[in-house]
Structures are given as C-alpha cells and as structure tokens.
Amino acid sequence: MTTSAPIRFRVLSLNCWGVRYLSKNCKERFVLIGDLLSQEQLDIALLQEVWCEKDFLFLKKKLNSVYPYSHYFKSGFIGSGLAVFSRHRIHDAFLYRYSLNGYPYMAQHGDWFGGKAVGKVLLNISGLSVHVFVTHLHAEYCREKDSYLPHRVVQAWELQQFIRHTSAGADVVILGGDLNMHPDDLGTRLMRNYTGLQDSFSETAHFDGCEEGHTHISENPFTNTDGLVPFGGGVRIDYILFKGSGEVDVSCESLSTTKGPVPGHPFPYSDHEALTAEFLFTQTTKGNECSKRQSGCVSDKLPELVNTVNEARTEVKVGLHCAERMRYTAARTGIMGLVLLVLELAIAAIPLFALGTEQPFPKASFYLLGALCFAVLLSTLLLYVFYSIEVKALQGTEDQMRLALSSFQEQLKESPKVLSSDHLRKPLDGKDSVHL
Amino acid sequence: MPAERPDTLRIFSLNCWGIRFFSQLCTERYEMIGELLGREQHDVALLQEVWSERDFLFLKRKLSSSHPYTHYFKSRVIGSGLAVFSKHRIQDALLHQYSLNGYPYMLHHGDWFGGKAVGLVIVDIFGLKAHVYVTHLHAEYSRAQDEYLPHRTVQSWELLQFVRHTSCGADLVVLGGDLNMHPQDLGNRLLRSQTGLRDCYTETDTFDGCEDGHTLIANNHFSKKQDLIPFEKGIRIDYILMKGSQRVSMKCESLSTTKGPVADKPFPYSDHEALTAKLALLRSEDSRQLGDSNAEDVLAVSEQMDVVAEACAVVKEGLCKTEALLDKARHLMFSALLLLLLPLALAFLPCSCSCSFSTLGLLGAVCMSLLVSGALLYLLFTTHIKVLKETEDQMMLTSNDLQTKLTRCQLSGSPSSDGSPELQPLSPFKGRNKSEL
C-alpha cells in the first residue's frame with residue numbers, strides 16, 4: 001500500500017440568526033454570509049437558524065458555482081433551520097427530529113415551533129465515507145433555573161445515539177452546530193464521551209479567534225450583554241467535533257472564529273460567531289486499536305462515562321417527575337372544569353322545573369361561565385396530550401440510558417477482554433439482570 | 001478457515017391487538033400469548049400493538065425466565081405499541097418515530113395518537129451483532145381510496161433510511177412487524193429494493209401456515225370481513241425480513257403462521273396471525289455475500305430508480321393534497337375571524353337589532369372554537385408539508401445517486417468495480433475499493 005497525501009477538509013459552522021422580522025438586518029446579513037462562504041474556500045458549510053426557506057434559496061443561488069450541492073432540512077412548523085452547502089456531492093441525507101423541544105405555550109421562547117433536529121449528510125471524498133452532522137439544541141434562557149435542562153439532556157442523548165448508530169461505516173465523522181451548552185455541561189460531556197468525538201477547540205494545532213474560543217460574545221453588538229456578564233463576557237456554545245476511524249486519522253490543523261464586528265461592514269454576520277476548522281485526513285498506522293465496530297468508547301473511559309450517564313439519567317428523572325406532576329395538574333384542572341360545567345348546566349336547568357320563579361335568568365353570567373369552563377376543558381385537554389408526549393419521551397430516554405448502563409457494567413466486568421478482537425465471537429454467559 | 005456449523009435463530013412477530021376496553025378478550029389473549037412465548041422459547045419475539053404498559057409488564061413478568069431481556073418502546077401519547085422480548089442480551093436500543101402518522105381529528109382511526117415508529121435493538125446473538133428492528137406502519141382503512149398512502153409511503157421511506165443508516169456495523173439484520181402493506185405494494189418494494197432485506201416468506205425452504213402466507217384472514221373470528229374486501233380469504237401484511245453481511249450469511253429454513261383458531265382454546269391470539277421464522281446463520285469467512293451492492297446490475301438499479309420515482313410521485317401527490325388542506329385551514333381561520341367581528345359589531349352598534357346576548361355569546365363561542373381549530377389544523381398541516389418536502393428531497397438525492405450508479409454500470413458494462421472518479425475511486429488510503437453505503 002503506497003502512502004498517499006493527506007486530504008485537507010475545511011468546515012464552517014454558523015448560527016445565522018435568521019429570524020425574519022425579529023432579528024436585525026436579516027437580509028443584509030445573509031448577503032454578508034453568502035460573501036463569506038464564497039471567499040472561505042470551504043468543503044462544507046453547516047448553518048443553523050436559517051428559518052426561512054427564502055433565505056436558503058437566496059444562498060443556494062448565490063453559492064451555486066462554489067457549492068453546487070446543498071440540503072435544507074425541513075421539519076416542525078417553522079423548520080429545523082439546518083442547512084448544508086457542500087463542494088462535494090451529497091449522496092444521501094437523513095433527519096432525526098428530537099422528541100422533546102420545549103413547550104408550545106412558551107411562545108416567547110418559540111423553540112417548540114421549530115422542529116429542532118440533527119441532520120446527516122453523506123459525502124464521498126476521494127473514496128472516504130465522510131458523515132457530516134449538523135444540529136441545533138434547545139436554547140438556555142436562564143442558567144440558574146433551567147427549566148429546559150431535561151429537554152436538552154434528552155436531545156443530547158438522542159444526538160449521540162443517532163451519531164453512534166448511523167456512523168458505524170464512516171471513515172470520518174464531523175459534527176457542527178449550536179449545542180447551546182458550555183464545554184463542561186452535562187450534555188456536552190455525554191456527547192463527547194459516548195461518541196468519542198473530539199472538540200476541535202481543544203485539539204487544534206493553531207487557534208485564532210475569540211478568547212477561550214467563545215462563540216457568543218459581548219463585543220458583538222447583536223448579543224444581549226447582560227446574560228454574558230457572569231461568564232466573563234462570552235460563552236462557547238458552538239462546536240465543530242470530529243472523529244476518525246480504524247483506517248483514517250483526523251487531526252484539526254487550525255480553528256478560527258470571527259470576532260464580532262466584521263471589518264468593512266457595519267455589523268457582524270450574526271449574534272453568534274462563525275467557526276472555521278481545517279482538518280487533515282491521514283492514513284493511520286494504528287491498526288485495529290479503534291475498531292469501527294465499537295461505539296467509540298475505550299475501556300479506560302468507561303467509569304467516567306458511567307458517571308456521566310448516571311448524571312444524565314438523574315436529570316431526566318427530575319424532568320419526568322415534573323412532567324408527571326404537570327400532567328396530573330392538567331387532568332385535575334380539566335376535571336374541575338368539567339364538574340363546574342355540569343354544575344352550571346344543572347343550575348340552569350332549575351328554572352325549567354321551578355314553578356313561579358320570579359328571578360330573571362342570569363344569561364350573561366351563565367354564558368360567560370360556560371365559555372370559561374369550555375376554554376379550561378379544551379386547554380387542559382391539549383396540555384394533557386402534550387405532557388403525555390413529554391412523559392413518554394422522558395421515560396423512553398431513561399429506559400435507553402438504563403440499558404446503556406447495564407451494557408457498561410458488562411463491559412467493565414469483562415474489561416481485560418474488551419480490547420481483544422476475539423471477545424465478540426464468544427457468547428456471553430449468564431443472564432444478568434437488565435435493571436440497575 | 002473451515003465453515004462453521006450454522007447457528008439457528010427463531011424470530012417471532014405478532015400484532016397483539018392490545019387495545020384495552022376496545023379489542024375483545026384482551027387479558028385472556030395476553031395470557032395465551034405469554035404461554036405461547038414461554039413454551040416456544042423463540043430467540044427474539046417482536047410484538048406490536050402492546051398499547052398498554054400494564055400488558056407489557058404482565059408479559060415481562062411471565063417471561064422473565066425464558067426471555068430475561070426486554071425493551072418497550074415509548075413514544076407519542078399512547079405509545080408505539082412495540083415490544084421486544086429476547087433470550088439474548090440487548091446491548092442498546094434506539095427509536096425513530098415516523099414524522100407522519102395520520103390526523104388527530106380522525107379519532108375513529110386513532111393512529112395519530114399512537115406514536116408509530118421503528119425500534120432498533122442491538123442484540124448479541126452467539127457472539128454476532130444482530131440489529132433487530134420492529135415496526136408498525138399506518139393502517140390501511142380503504143384500499144380503493146387510501147388517503148393515508150402518502151403517510152405510509154413516507155413511513156416506508158423513513159424506515160428504509162433508518163435501517164440503511166443504522167445497520168452498517170451489523171452482522172445480521174432482522175426486521176419484523178406489521179407493515180400494513182401487501183407484498184407488491186409500493187412501500188414494500190421500496191423497502192426491500194433499497195435495503196436489500198429479503199422476505200422470509202419468499203425465501204423459506206419450508207412453509208406451514210395460511211394459504212399464500214396470509215396474516216389477516218377471514219377464518220379468524222376477530223377479523224372484520226369488510227376490512228378484507230375484495231380479498232376474500234385474507235391478506236399478507238405482517239412480515240419477517242432478513243439480511244446477512246460479509247461475516248454472516250442467512251437463510252430462512254422454515255416459516256410458519258398461526259391459522260386462526262388455536263387448538264384447545266376458544267379464540268385466536270389476535271386478529272392478526274403470528275409469524276415464526278427459523279433462520280440459519282452461516283458464519284463462514286468465505287460465505288457468499290448477500291445483498292452486496294457490488295453485485296447490482298443495470299436492471300436492479302433501474303428497478304430501484306423506478307420504485308423511488310413512483311414513491312416520489314405519491315409523496316408529491318400527498319403534498320398537493322396537504323397544501324389544499326392547509327388552504328382550507330387558512331380559510332377556516334379567516335372566516336372565523338370575520339364572523340367573530342359580526343357579534344362584536346352587533347353588540348356595540350346602537351342599532352335596533354333584537355339579537356339577544358345569549359345568541360351573540362353563542363355565535364362568539366362558535367367563532368372562537370372555529371378559530372382555535374383552524375389554527376391547530378394550520379399548525380398540523382404546515383408540519384406535514386415540511387415532512388413531505390423533506391422526504392421528497394431525500395428521495396431526489398437517492399434518485400440522483402442511483403442515476404450515477406446506473407450510468408457507471410452502463411458505461412462499464414459490468415457490475416461496478418471501477419467506479420467513476422467522483423463516486424468510487426481507488427482510495428489512496430486503501431488497497432481495495434470501498435463499497436458505497
């Protein structure tokens with residue numbers, strides 16, 4: 001086998017803040033973004049918050065000569081906001097929509113109306129199978145009292161499940177997107193530890209960008225600086241993660257971020273900074289050390305992974321408890337509304353049977369109360385349906401986590417044999433309980 | 001390396017019809033199902049329509065010694081109804097809910113409330129990594145005028161994508177479930193042609209069961225005869241499909257179905273018949289690769305393209321219909337809004353209208369309900385349109401891919417081994433060609 005030149009691969013990830021009529025200078029910024037992508041000589045660009053299809057089509061037309069292949073992931077009511085522009089042919093695309101994504105009544109947050117998801121595109125670069133994922137997780141509105149934490153943990157769990165299960169045949173895996181989580185947050189650790197994906201910021205040979213690799217900074221005139229004060233003026237919530245395989249080694253040669261204002265332009269590209277990473281795919285001499293068949297977790301990281309999954313499971317249980325309580329409240333309120341309605345109808349029926357009543361029937365209050373009861377019934381019914389969906393999704397995730405923990409226990413028990421290629425051929429003994 | 005003695009795998013699949021308070025003799029039938037599974041000791045049992053978690057827990061307790069490893073897939077409001085009972089350790093599980101699954105206002109059909117999905121369990125069987133899928137697709141209520149055809153087509157597409165993308169590392173792949181499609185229906189052909197999964201019924205050496213492998217038969221006194229019209233005797237809508245890999249080749253040694261009434265019991269297990277497949281696993285290193293993409297010829301690729309084109313047409317038609325429904329929802333909202341202005345105007349105008357307050361109130365209430373319904377329907381149909389468009393886009397990508405393959409096949413005049421530079425060059429990294437996913 002002759003040694004061959006390494007392949008360079010440039011990736012950009014940007015949360016475009018394309019909320020039409022709400023985000024500032026939306027149209028102008030998409031023109032700037034189009035110019036940026038044209039200049040940057042990228043292999044692939046992963047964009048988030050491209051909520052409006054018209055903006056995607058604008059970029060598609062503008063970038064047609066440089067990036068002839070593109071995919072716009074559609075899901076939910078508004079859309080996933082995820083778009084991919086690629087120099088290389090996109091052979092296939094697949095979308096996995098997260099089971100949980102906020103609450104419909106939190107209209108001011110609006111996450112529920114977007115169909116947040118993880119999108120996957122399949123590229124073939126000089127015979128290498130490159131799986132590229134783009135995603136956007138639920139926003140964090142209040143770190144001290146994060147009511148969306150269970151949802152984000154579930155999304156992180158589903159993200160890592162999706163990546164692990166669909167990238168078994170990949171030579172290279174790349175994930176870019178807005179995870180809305182700090183580097184040491186539970187979801188980020190879960191993601192990295194379980195998939196084995198590496199953070200380009202920690203692994204890069206050269207870095208040029210905001211301090212600490214921040215991607216949401218106070219110098220950016222579009223950001224809300226109050227929220228960033230406790231974090232020293234910036235947070236790192238956008239990432240490009242990567243992983244090689246048994247035959248291909250991937251290293252991050254350089255990583256850069258934009259730094260707020262763009263020279264020569266009155267405003268930045270977005271309220272987030274853009275990340276650009278340059279990777280090098282090289283032939284590996286490691287052999288079967290990192291077998292593609294394994295889920296990417298090495299035996300010495302298992303104890304840490306067990307702790308992380310346990311921590312995640314706790315958060316999910318907390319969320320489940322809340323959701324079950326909310327569902328119970330909705331049911332109870334709905335029943336009260338029904339009882340009130342029945343009572344009111346009964347009271348209204350009295351004048352029909354009463355003889356010689358002189359009091360006029362209070363029509364106004366009757367109808368108003370009736371309308372109120374009906375509104376209560378309808379809204380609690382919808383809420384009950386919604387909370388049931390939430391409960392099922394959280395229970396489902398907890399079940400999967402329990403299964404994973406049980407698998408880890410088995411692996412830890414057999415840890416001397418884990419790295420041996422023969423262990424997979426031997427049937428496992430015993431029937432250990434699935435429950436922890 | 002000498003060929004090893006084949007191992008055999010017994011797979012069971014049954015739609016249990018476990019709709020509490022609606023389906024007949026639910027509790028008694030679950031007892032029978034539990035006895036059957038405990039007695040037969042299949043390697044893996046794939047159940048659908050186990051809607052109530054209580055029934056799942058009952059079976060789990062009953063089968064704890066024979067099938068200690070289980071998974072119950074939870075989704076949507078009622079649940080997916082999918083349950084797996086396995087003799088072998090379940091290492092991991094993943095659920096993919098279908099993006100389209102009927103309409104919430106079709107209460108009498110009720111599919112929307114069940115989170116129909118495909119569940120994947122990764123099972124260690126004799127040291128091999130088995131990817132076992134269980135699924136249940138949207139029911140077909142009227143074959144002549146199937147309004148759910150686009151939904152079922154999208155579900156078939158998402159199913160095949162899910163299987164295709166998650167089965168790369170598998171030694172063997174098994175899919176069991178109620179596809180609610182006849183063998184030559186579009187969704188079935190799409191699934192089989194794109195994944196390479198093989199139908200156990202067509203591949204089996206021996207078959208013992210209902211005529212033509214029917215799984216919903218007139219002879220079963222739970223099944224509704226009008227549902228089977230115009231197929232008098234029965235239809236085949238439940239399947240066990242399988243596929244091997246480079247490491248393992250699979251063969252269906254036998255397939256059997258129940259035949260309606262159960263011996264010594266007053267009624268059948270369900271309104272569907274149960275399927276049991278005995279699969280032989282040959283773990284030879286030089287086993288013939290089945291479903292290997294390198295063996296595709298021009299005919300197979302162009303057939304695949306035809307099926308994808310047919311599916312794309314169905315999705316486009318579904319898109320048109322849903323856009324029309326979206327328009328109706330929009331009209332409903334605007335009409336309700338306009339109508340709402342009427343009682344308000346009448347209430348405040350000092351005209352000599354003799355409308356009583358109650359009439360105005362009633363009118364106002366009706367308008368509000370219409371407005372809310374219109375808004376919810378608008379939300380629903382917009383979401384559906386997004387899903388249909390996404391599916392159409394994915395189908396186009398696959399279609400383009402197949403077109404490139406076809407061109408390559410036609411140019412080379414032989415099975416693809418020297419791919420086009422763009423698609424399958426001799427990788428500088430490897431000494432062999434890498435076959436495409």
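Student: In what sense do strands S14 and S15 of chain A pair, and over how many bridges?
Tutor: This is a predicted model. In it, strand S14 (residues 248-257) and strand S15 (residues 275-283) of chain A pair in the antiparallel sense, over nine bridges.

Student: What's the bridge partner of A:Val250?
Tutor: A:Phe281, which sits in S15(A).

Student: And what holds paired strands together in general?
Tutor: Strands of a sheet pair through backbone hydrogen bonds, and the pairing can be parallel or antiparallel.

Student: OK, which sheet of chain A has S14 and S15 in it, and in what order do the strands run?
Tutor: An open sheet of seven strands, ordered S3-S4-S2-S1-S15-S14-S10, with mixed pairing. At its edges are strand S3 (69-72) and strand S10 (206-208) of chain A, each pairing on one side only. On average, neighbouring strands in this sheet are turned by 20° against each other, direction ignored.

Student: Which strands does helix H2 of chain A touch?
Tutor: Helix H2 (residues 53-62) packs on the sheet and touches strand S2 (44-48), S3 and strand S4 (83-86) of chain A. The direction of H2 makes about 175° with that of S3(A).

Student: New topic. Where is A:Asn15 found?
Tutor: In strand S1 (residues 7-15) of chain A.

Student: Is A:Asn15 buried or exposed?
Tutor: Buried, because its relative accessible area is 0%, and the cut-off for buried is under 20%.

Student: What does A:Asn15 touch?
Tutor: Leaving out residues up to four places away in sequence, A:Asn15 touches A:Gln48, A:Glu49, A:His136, A:Asp178, A:Asp238, A:Ser270, A:Asp271 and A:His272. With A:Glu49 there is also a side-chain polar contact of 3.3 Å.

Student: Over to chain B. Why is strand S3 there called largely enclosed?
Tutor: Five of the five residues of strand S3 (residues 69-73) of chain B are buried, so the rest of the structure largely encloses it.

Student: Which way do the residues of S3(B) point?
Tutor: B:Tyr69, B:His71 and B:Phe73 point one way, while B:Thr70 and B:Tyr72 point the other. In a regular strand, side chains alternate between the two faces of the sheet.

Student: What does S3(B) pair with over five bridges?
Tutor: Strand S4 (residues 82-86) of chain B, in the antiparallel sense. There, B:Tyr72 has B:Ala83 as its bridge partner.

Student: Last one: where does UniProt put the transmembrane regions in chain A?
Tutor: The unreviewed UniProt entry places that feature at residues 335-354 and 366-387. In the model, residues 366-387 of chain A are 100% helix and 0% strand, with the end C-alpha atoms 31 Å apart.

Notes:
Residues are numbered from 1 along each chain as its sequence is written. Chains are lettered from A and ligands numbered from 1 in the order in which they are written. This is a predicted model: local features need pLDDT of at least 70, side-chain atom pairs count only at pLDDT 80 or more; totals for chains, interfaces and linings use all residues. Side-chain values use heavy atoms; hydrogens and water are left out. Two strands pair if DSSP finds at least two bridges between them. Helices (H or I, at least four residues) and strands (E, at least two) are DSSP runs, numbered from the N terminus. Axes are lines fitted to C-alpha atoms, for helices over the stretch in contact, and angles run from 0 to 180 degrees between N-to-C directions. Contact means heavy atoms within 4.5 Å. Buried means under 20% relative accessible area, exposed over 50%, partly exposed in between (1.4 Å probe, protein chains only). A polar contact is a pair of N or O atoms within 3.5 Å; within protein, one must be able to donate a hydrogen and the other to accept it, and residues adjacent in sequence count only if both atoms are side-chain atoms. UniProt positions are given in the numbering used here, feature names are shortened, and annotations may be inferred rather than shown by experiment.
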